Amino acid sequence: MKELPYGSFKVFGELSRRMEKSYHRLMTSKIYSLGYLLNDTLSAPKQIEPEAHPGVFGHTGQQSGRYLLALIAHQCFFGLQIPRIERIAKAVLVEQRPDGNFGPLRTISSAHRDDFCCMSGQSWLLKAFLELYLLFKEQPYLEAAMRLVDWYKRVLPAFDRPEYKTQQPPGYLSWVTMNLDGVVLLYRITKKEKYLDLANYLADLTLPYGPFHTHHFLSSYRGLLDLYETTKSKDVLKKVTSTWGKIKKEAVLPTGGICELFPISPRDEGCSEADLVRVALSLFRATGEGEFMDMAERALLNALFMDQVPNGGFTFRKNIDRGRATSGFLHAGRDEAFHCCTLHAPQALLKAAQHLITFNSDTVWINLFFPCSARFELQKDMLLEVNVQTRYPQDEFIQIIINPQRKQKFQLKVRIPEFVNFTEISINNIYTEPTFEKGYASFSRIWKKGDRVQVRFTLRYRYEKTQLNNIHTTEDSESNVKTTPEVNAKKDRARQTFSYGPLCLASESNEAPLALKPIASVSEYHNFDVRFIH
Ligand SMILES: [Zn+2]
């Protein structure tokens with residue numbers, strides 16, 4: 001199954017507006033000066049000292065790596081030329097040590113307790129260099145990536161030593177294994193077996209579900225899915241799906257989002273919600289199961305969208321229950337995480353846009369209902385144009401217009417979300433009984449220009465009350481770096497939500513602070529009157 005290629009489609013509506021806002025923030029914010037971006041690499045004054053805070057500037061290469069990745073994704077998606085990409089990339093290249101590392105000099109035996117942050121920081125740089133190579137086809141980028149991975153492989157044993165492990169919080173290995181997607185991409189580019197071996201080694205190291213930092217944990221799982229896409233290893237996919245079952249059962253909030261730490265913690269983070277969306281999209285591509293699209297949709301509408309603030313940036317919430325019952329468009333209770341979420345979250349919006357429609361040579365899937373217009377090569381010399389017109393979920397009606405280059409037989413699959421009570425479908429104004437499979441209504445026929453599929457849902461109102469167990473008791477997300485997170489099993493805590501279709505209209509808990517999202521964006525979905533919810 002393929003996602004929509006760059007340049008083959010246009011998106012309209014809320015998703016499009018949010019993409020434009022986040023791009024505007026990336027390009028106009030004065031924060032991202034060259035001096036700032038190089039602040040966490042070799043020549044910067046703020047290197048990790050033994051007692052220095054391993055936060056923003058301890059994650060070697062994180063700032064330039066994340067910023068470059070964000071700009072490259074937007075350049076490819078919108079077909080733009082962003083000159084500063086090369087300028088920053090060239091400046092970062094100079095920062096690499098001869099051994100490949102961009103950070104403080106260490107030996108395996110002298111690995112510092114915070115060095116796993118350097119590993120995670122440089123994972124962004126690794127992917128950035130590979131994307132730069134794919135974009136510009138310039139050898140120095142690929143060579144820098146190879147040197148970095150070779151260094152990475154040399155120092156990996158440091159993180160497995162018993163004396164190192166005992167100093168670390170649970171889950172630190174996720175910060176080490178999140179390099180997996182970069183290593184897989186390096187293998188795809190070079191076809192060198194040693195990189196595939198390293199990828200498989202990292203896949204084995206990838207942690208099972210536990211009380212860990214969700215962004216780094218899910219970043220490692222994005223890598224596992226990239227590995228699955230490359231090798232089709234059933235074991236790898238099984239590892240992801242079985243973990244996913246636990247995440248869905250224990251950690252996904254009734255809104256569809258997740259917290260900053262598994263399973264429930266007082267903070268959330270745009271980055272991990274973006275990862276949740278991306279893992280769900282990849283799982284859908286791997287399995288064709290509509291339940292993953294349902295998850296992606298709810299995480300997108302109720303969590304990621306709500307994390308975006310008016311300047312276009314993305315946020316984390318220090319005190320998640322502050323600002324409850326406010327719109328995500330307001331700043332209430334949220335801080336922009338310009339050093340991570342503003343850079344990482346927009347890429348999930350772009351990925352979601354590429355998954356509005358997916359296809360292979362004989363099937364087209366209509367997945368997420370945002371208005372869009374796509375024109376792509378279904379088969380060799382057979383262009384297919386698909387237009388989706390809808391105001392869903394404000395409106396329960398979706399119209400899909402099919403324009404094949406010539407008459408062509410293929411299967412059209414339209415997602416029927418789990419929160420739909422009733423579906424009515426017509427093709428060219430004739431009511432049709434589709435077959436249903438994996439959460440999709442399926443129609444196989446010879447399609448011709450101008451065929452019109454009309455779908456009318458009856459979305460369900462839902463009230464849910466869920467008991468909350470295993471809650472992190474600390475407020476500080478950095479606890480997962482500095483200390484062991486305390487997880488308490490407590491009774492008599494419950495979350496209640498009121499939803500309409502995919503939209504969570506209100507959520508409430510009987511004990512603060514709990515990670516519950518505010519009411520869905522009332523300013524966007526203004527036809528819902530939520531005043532009676534409290
Ligand atoms: Zn973040």
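At roughly what angle do the axes of helix α14 and α15 cross? Let's start there. Helix α14 covers residues 290-307, and α15 covers residues 341-354. Their axes come within 11 Å and cross at roughly 150°. An axis here is a line fitted to C-alpha atoms, for helices over the stretch in contact, and angles run from 0 to 180 degrees between N-to-C directions. That makes α14 roughly antiparallel to α15, since angles over 145 degrees get that label, under 35 is roughly parallel, 65 to 115 is roughly perpendicular, and the rest is oblique.

Quick housekeeping. This is a predicted model, where local features need pLDDT of at least 70 and side-chain atom pairs count only at pLDDT 80 or more, while totals for chains, interfaces and linings use all residues. Residues are numbered from 1 along each chain as its sequence is written, and side-chain values use heavy atoms, with hydrogens and water left out. Helices (H or I, at least four residues) and strands (E, at least two) are DSSP runs, numbered from the N terminus.

Back to our pair. On the α14 side, L300, L304 and F305 meet A345, A348, L349 and A352 of α15; contact means heavy atoms within 4.5 Å. Those residues divide into 7 nonpolar, no polar and no charged. Nonpolar covers Ala, Val, Leu, Ile, Met, Phe, Trp, Tyr, Cys and Pro; charged is Asp, Glu, Lys and Arg; the others, Gly among them, are polar.

Now helices α10 (residues 193-205) and α11 (residues 214-231). Their axes come within 11 Å too, crossing at roughly 135°, so these two are oblique to each other. From α10 we have L196, A199, N200 and A203, meeting L224, L227 and T231 in α11.

Seven strands form an open sheet in the order β2-β8-β9-β10-β16-β12-β13, with antiparallel pairing; strands pair if DSSP finds at least two bridges between them. At the edges stand β2 (9-11) and β13 (430-431), each with a single partner strand, so one side of each has no neighbour in the sheet. Further in, β9 (residues 382-390) and β10 (residues 397-404) pair over 7 bridges, and V386 sits opposite I402 in β10.

Last stop: charges. Side chains of opposite charge can pair when their charged atoms come close. Counting a side-chain nitrogen of Lys or Arg within 4 Å of a carboxyl oxygen of Asp or Glu as a salt bridge, we get 18. One of them joins K351 to E3, with the closest N and O atoms 2.8 Å apart. K351 is in α15 and E3 is in strand β1 (residues 2-3), 348 residues apart, linking distant parts of the chain.
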